[in-house]
Amino acid sequence: MQAWQVHENGEPSEVMRLQEVERPTPGDGQVLLKVRAANINFPDVLMCRGHYQVRPPLPFTPGVEICGETEDGRRVIANPVLPYGGFAEYAVADAAALLPAPDSLDDAEAAALHIGYQTGWFGLHRRAALQAGETLLVHAAAGGVGSAAVQLGKAAGATVIGVVGGADKVAVARELGCDVVIDRRAEDVIAAVKEATGGRGADVIFDPVGGEAYTQSAKVVAFEGRIVVVGFASGTIPSPALNHALVKNYSILGLHWGLYATKNPKLIPHCHEQLTELAASGAIKPLVSERVPLSEAAAAVQRVGDGVTTGRVTVEPKGAAA
């Protein structure tokens with residue numbers, strides 16, 4: 001079969017190689033899946049660079065999120081078990097962790113319903129307890145995780161403010177349902193949020209960016225607000241001033257979604273049920289901005305790493321042997 005492999009760490013476009021390899025053999029409790037669609041996530045970029053908390057042995061195939069097909073023909077959503085990731089014709093996954101792919105979504109959309117939407121759901125509902133009528137601020141609102149948080153916030157009855165970088169992403173954020181969109185490249189984010197909220201600030205802030213975005217968050221969080229720290233796409237990990245959190249009465253909440261798989265795994269299928277219902281009703285629909293063949297995966301992963309994409313970019317292998 002064909003699979004992209006990383007033999008050394010570096011930029012995805014430089015270290016990912018498309019190769020002919022043996023089809024992987026599942027271990028105990030694992031299944032072989034034919035990859036129907038594999039979404040590109042920022043952790044794929046970080047793993048190529050060697051900067052992610054999970055460092056699979058070299059060589060490995062990246063791709064942490066797929067819609068696959070079982071041997072008996074079922075469409076499922078899975079997180080492949082590395083080193084046999086999703087940017088290949090076949091991947092390996094834990095049988096117990098498979099989730100049914102919603103009938104209301106195609107393969108690419110189904111794959112995109114997983115990590116980003118689970119992260120958004122756990123962050124907004126499990127950690128921040130977002131309530132209808134509250135104001136939600138989403139950084140990188142046109143991105144893969146941010147776009148999911150925007151849709152989930154609207155579905156929960158929140159007023160959503162999206163922060164993006166660039167005019168093209170402003171248009172995407174508006175289409176996703178943001179009530180207010182702020183272009184950080186052209187506007188003062190702090191002043192714009194205060195104006196949009198009448199000086200009160202945002203009740204919940206969803207931050208997958210870190211760096212300057214977190215600094216802005218701390219200045220616009222409302223009384224008893226909650227900042228959900230999801231990731232550091234900016235490359236800069238902030239150091240919060242806890243005296244500031246005390247004086248302003250706000251909470252800083254960490255979210256590492258992957259921990260639930262070991263600490264409280266029953267919550268993941270419960271969340272998937274909620275997401276499936278929302279998708280069936282049309283309240284959420286993953287934004288798949290690009291669909292690329294397997295041969296173009298490395299370039300697509302690089303674009304995600306460079307921050308020039310919106311929504312999800314999906315790799316769709318074609319012609320995998322039966």
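This is a predicted model: local features need pLDDT of at least 70, side-chain atom pairs count only at pLDDT 80 or more; totals for chains, interfaces and linings use all residues.
View 1. H4 itself covers residues 115–127. Most of H4 is covered, with 10 of its 13 residues buried. The buried set runs through Ile115, Gly116, Tyr117, Gln118, Thr119, Gly120, Trp121, Phe122, Gly123 and Leu124.

**View 2. Helix H4 crossing helix H11 at roughly 100°.** H11 takes in residues 267–281, and its axis comes within 10 Å of the H4 axis. Angles of 65 to 115 degrees count as roughly perpendicular, and H4 and H11 are therefore roughly perpendicular to each other. On the H4 side, the residues that meet H11 are Tyr117, Gln118, Trp121, Phe122 and Arg126. H11 answers with Leu267, Ile268, His270, Cys271, His272, Gln274 and Leu275. Sort the residues of this contact by class and you get 7 nonpolar, 4 polar and 1 charged.

**View 3. Trp121, Phe122 and Tyr260 as one aromatic cluster.** How many aromatic pairs are there? The count comes to 2 aromatic pairs. In one of them, the ring centres of Trp121 and Phe122 sit 5.4 Å apart with the planes at 80°, so this pair is edge-to-face. Both Trp121 and Phe122 are buried. Phe122 also pairs with Tyr260, this time tilted, at 4.3 Å centre to centre and 40° between the planes. Phe122 belongs to H4 and Tyr260 to helix H10 (residues 260–263), so the pair links parts that are 138 residues apart in sequence. Tyr260 is buried, as is Phe122.

**View 4. Arg23 over the face of Tyr90.** Here a charged side chain meets a ring: Arg23 lies over Tyr90, at 4.1 Å from the ring centre.

**View 5. Helix H2 packed against helix H12 at about 100°.** H2 is residues 42–49 and H12 is residues 297–306, and their axes are 9 Å apart. H2 and H12 are therefore roughly perpendicular to each other. Phe42, Val45 and Arg49 make the contact from H2, with Val301, Val304 and Gly305 coming from H12. By class, the contact of H2 with H12 splits into 4 nonpolar, 1 polar and 1 charged.

**View 6. Pro80 in the loop between strands E5 and E6.** E5 spans 75–78 and E6 spans 90–94. Is Pro80 buried or exposed? Buried means under 20% relative accessible area, and Pro80 has 9%, so Pro80 is buried. Leave out neighbours within four places in sequence, and Pro80 is in contact with Gly63, Val64, Glu65, Ile66, Gly85, Gly86, Ala91, Val92 and Ala93.

**View 7. His114 in the loop leading from helix H3 to H4.** H3 is residues 107–112, and His114 is found between H3 and H4. The relative accessible area of His114 is 3%, so this residue is buried. What does His114 touch, not counting residues up to four places away in sequence? The list is Glu65, Ile77, Ala78, Asn79, Leu99 and Trp257. Glu65 is also in contact with Pro80 from the previous view.

Methods
Residues are numbered from 1 along each chain as its sequence is written. Side-chain values use heavy atoms; hydrogens and water are left out. Axes are lines fitted to C-alpha atoms, for helices over the stretch in contact, and angles run from 0 to 180 degrees between N-to-C directions. Helices (H or I, at least four residues) and strands (E, at least two) are DSSP runs, numbered from the N terminus. Angles under 35 degrees count as roughly parallel, over 145 as roughly antiparallel, 65 to 115 as roughly perpendicular and the rest as oblique. Contact means heavy atoms within 4.5 Å. Ala, Val, Leu, Ile, Met, Phe, Trp, Tyr, Cys and Pro count as nonpolar, Asp, Glu, Lys and Arg as charged, and the others, Gly among them, as polar. Rings of Phe, Tyr and Trp (its six-membered ring) pair if their centres lie within 6.5 Å; planes under 30 degrees apart count as stacked, over 60 as edge-to-face and the rest as tilted. Buried means under 20% relative accessible area, exposed over 50%, partly exposed in between (1.4 Å probe, protein chains only). A charge sits over a ring if NZ of Lys or CZ of Arg is within 6 Å of the ring centre and within 35 degrees of the ring normal.
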